[in-house]
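My entries follow in the order in which I made them.

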Protein chains: 2
Amino acid sequence: MPTPIEFLFDFGSPATYLAHTQLPRIAADTGARIDYQPMLLGGVFKATGNRSPVEVPAKGRWMNDDLARFARRYGVPFRFNPHFPINTLTLMRGAVGLQMRQPERFMAYVDAVFRAMWVDALNLGDPAVLAKALGAAGFDAAGFMALVSDPEVKARLIADTEAAVARGVFGAPTFFVGGEMFFGQDRLDFVCEAAAG
Amino acid sequence: MPTPIEFLFDFGSPATYLAHTQLPRIAADTGARIDYQPMLLGGVFKATGNRSPVEVPAKGRWMNDDLARFARRYGVPFRFNPHFPINTLTLMRGAVGLQMRQPERFMAYVDAVFRAMWVDALNLGDPAVLAKALGAAGFDAAGFMALVSDPEVKARLIADTEAAVARGVFGAPTFFVGGEMFFGQDRLDFVCEAAAG
């Protein structure tokens, strides 16, 4: 039996988008179930003392090239979002809220937001832009705003982020397979090996 | 014709040791010449605002696992040096000095120091330990100390480190193939592709 793959994600991370594009193939290849687990990357950075690679300008410049190389290798569309970094608090609350209240719509939301962020390169920090993108994906803006304002949803995102940090998470994407942690979309081959057992 | 691979290294980086173990295979596979270029990683960090990944404790813990996984995959010996981080100024001056004064002994020195640091896990920051390790590799301690005290050698290491930063380097190992820069021992597959053309 393949071991399930836990995928801890935040929409704000371009490497996490790249990992997301590869997970259907990995699920098919390994037979492993993929468990998407939202977390707030900003909260993880604050708790661990980590920071975005782009805060080192030379690293940020290289990362642009590196992400483009992986996108070419994977054969997936990718555009570095010119509005980066975008505050993802509302987006991640939406992910947690759908998991809690409408789990059957969770993956459609995840797909739509990753695409809007890293293919269409929209400014999802702008509520009007976000409402339009969600509308195009079949999500009602008023219902969404109610969901992300729900105190239980807010508390769950905080709790899930704290739980991730307690498990050793310091960035995104992070994978857990059995007891093993893997960091980075560039570790998907190790993730596959671990899931296949 | 394969494109030469420039390998910018500092002995203090365990990922750089792992890359070093793979370069003979890559040279054989691609036919590319490998140009070893010493730089002082501490100087690169200072100039770019970058820092060692272990300064984020959670990242440091994960990195230990990650390096061990790659060592297993590569089938090479690896022991995380308990004295890490070790000040590599003398070691890197030695590398530059041999390049300048005894280039025919440069690679023997590089092999010996990487092995002493990341296989034997010696405290090379201790002059007595270093002298013994160099002696075992056939290097005369007095001659070595004269070499690393040479003002021209010192100046060359500074100049080479500044030149690396000017090219966009922010960490180790870094590779250049033609006009392209690659960071990390986990990018060796891209380095191979670029060298093969």
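**Entry 1: helix α1 of chain A**

I first listed the buried residues of α1(A), and found Pro14(A), Ala15(A), Thr16(A), Tyr17(A), Leu18(A), Ala19(A), His20(A), Thr21(A), Ile26(A) and Thr30(A). I note here that I am reading a predicted model. When I looked for what covers these buried residues, I found that the cover includes β1 (5–9), α3 (57–74), α5 (106–118) and α9 (188–196) of chain A.

I then checked the course of the helix, which takes in residues 14–30 of chain A, 17 residues, and reaches 24 Å from its first C-alpha to its last, close to the 24 Å expected at 1.5 Å a residue. Where does α1(A) bend? I located a bend of about 40 degrees at Gln22(A), with a proline, Pro24(A), following within four residues. Just after α1(A) I came to Gly31(A), which takes a positive phi of about 80 degrees.

**Entry 2: strands of chain B**

I moved to chain B and began with β1(B), residues 5–9, which pairs with β3(B) in the antiparallel sense over four bridges; Ile5(B) has Val177(B) as its bridge partner in β3(B). With β2(B), residues 34–38, β1(B) runs parallel, and five bridges join the two. There I picked out Glu6(B), whose bridge partner in β2(B) is Asp35(B).

Next I turned to β3(B), residues 174–177, and asked which of its residues are buried on each side. Thr174(B) and Phe176(B) are buried on one side and Phe175(B) and Val177(B) on the other, so I recorded both faces of the strand as covered. I kept in mind that in a regular strand the side chains alternate between the two faces of the sheet.

β3(B) also pairs with β4(B), in the antiparallel sense over four bridges, and the bridge partner of Phe176(B) in β4(B) is Met181(B). The hairpin of these two strands has two residues between them, and in it Gly178(B) takes a positive phi near 60 degrees.

**Entry 3: where chain B touches chain A**

Last, I looked up the contact between the chains, in which 15 residues of chain B meet 15 residues of chain A. On the side of chain B that touches chain A, α3 (57–74) and β4 (180–183) each supply at least two residues, and α3(B) gives the largest share, five residues. I sorted the residues of that side into seven nonpolar, four polar and four charged.

Technical notes. Residues are numbered from 1 along each chain as its sequence is written. Chains are lettered from A and ligands numbered from 1 in the order in which they are written. This is a predicted model: local features need pLDDT of at least 70, side-chain atom pairs count only at pLDDT 80 or more; totals for chains, interfaces and linings use all residues. Two residues are in contact if their C-beta atoms, placed from the backbone, lie within 7 Å. Ala, Val, Leu, Ile, Met, Phe, Trp, Tyr, Cys and Pro count as nonpolar, Asp, Glu, Lys and Arg as charged, and the others, Gly among them, as polar. A residue is buried if 20 or more other C-beta atoms lie within 10 Å of its own, exposed if 12 or fewer, and partly exposed in between; C-beta atoms are placed from the backbone. Two strands pair if DSSP finds at least two bridges between them. The expected span of a helix is 1.5 Å times one less than its number of residues. The bend at a residue is the angle between axes fitted to the seven residues ending there and the seven starting there.
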